[in-house]
Amino acid sequence: MMSYKDYIWSYLKEVMEIAHRIDQEAVYKLTQEFHALKERGGRLFVIGIGGSAANASPAVNDFRKMCGIEAYTPTDNVAELTAWTNDDSFDVIFSKWLQCSKLEKKDAVLVLSVGGGSATTSRNITRALEHAKSVGATILGIVSRNGGVTKQMADAVVLVPVIDDARITPHAEEWQAVLWHLIANALAEYAT
């Protein structure tokens, strides 16, 4: 059995490997999309499930406060989220919320997700993306595994590399934070 000390080193080594393997051009493209969103005065809607949902709130804060982008996440309103779940289904919580928010072409949806949604998992994400696509909104993502539907539908997506199957989720969720902080700081500190 591995000691805590060895585990810590192993985990941090994986983090360093992700830093070396992440597609910097994809990060640049995602940053450009955020810049364009800000320039056109569009709103940002951040969606995610589980730990990614928890990441959505501070991401919204940073994009609003640091970058001046009007931003929201449905997971900040548990009453509405659970009402949609109860009255319709968990599959439509995000698409119904986006419809109610009057998502439009100048807006963007940012998906924070480990798997990115599929026909069998996180259908709420795939339905939200279908709605976003139907109104012409920009689709952005920070995802892992194979990227799922988010990677297929996104205008810009960063795929967090999988280093070890046992730690896909923690690495995906920690890198969501690294990347939104990187992008928000880039927008706040630099004009282009």
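**Figure 1. Charges of the predicted model.** The mean positions of the 19 positive and 23 negative charges of the protein are 3 Å apart. The model is predicted, with local features requiring pLDDT of at least 70 and side-chain atom pairs counting only at pLDDT 80 or more, while totals for chains, interfaces and linings use all residues. Residues are numbered from 1 along each chain as its sequence is written, and side-chain values use heavy atoms, without hydrogens and water.

**Figure 2. The largest nonpolar core.** A nonpolar core is a set of buried Ala, Val, Leu, Ile, Met, Phe, Trp, Tyr and Cys residues joined through side-chain atoms within 4.5 Å, where buried means under 20% relative accessible area (1.4 Å probe, protein chains only). The largest such core has 31 residues, and Leu30, Phe34, Leu44, Phe63, Ile69 and Leu110 have the most contacts inside it. Among the elements giving two or more residues to this core are helix 2 (24-40), strand 3 (108-112) and helix 8 (168-189); helices (H or I, at least four residues) and strands (E, at least two) are DSSP runs, numbered from the N terminus. Helix 8 supplies the largest share, 7 residues.

**Figure 3. Surroundings of Phe34.** Neighbours within four places in sequence aside, Phe34 is in contact (heavy atoms within 4.5 Å) with Leu44, Phe63, Ile69, Leu110, Leu140, Ile183 and Leu187.

How values were computed
Lys and Arg count as positive and Asp and Glu as negative; His and the chain ends are not counted. The place of a charge is taken as NZ of Lys, CZ of Arg, CG of Asp or CD of Glu. Buried means under 20% relative accessible area, exposed over 50%, partly exposed in between (1.4 Å probe, protein chains only).
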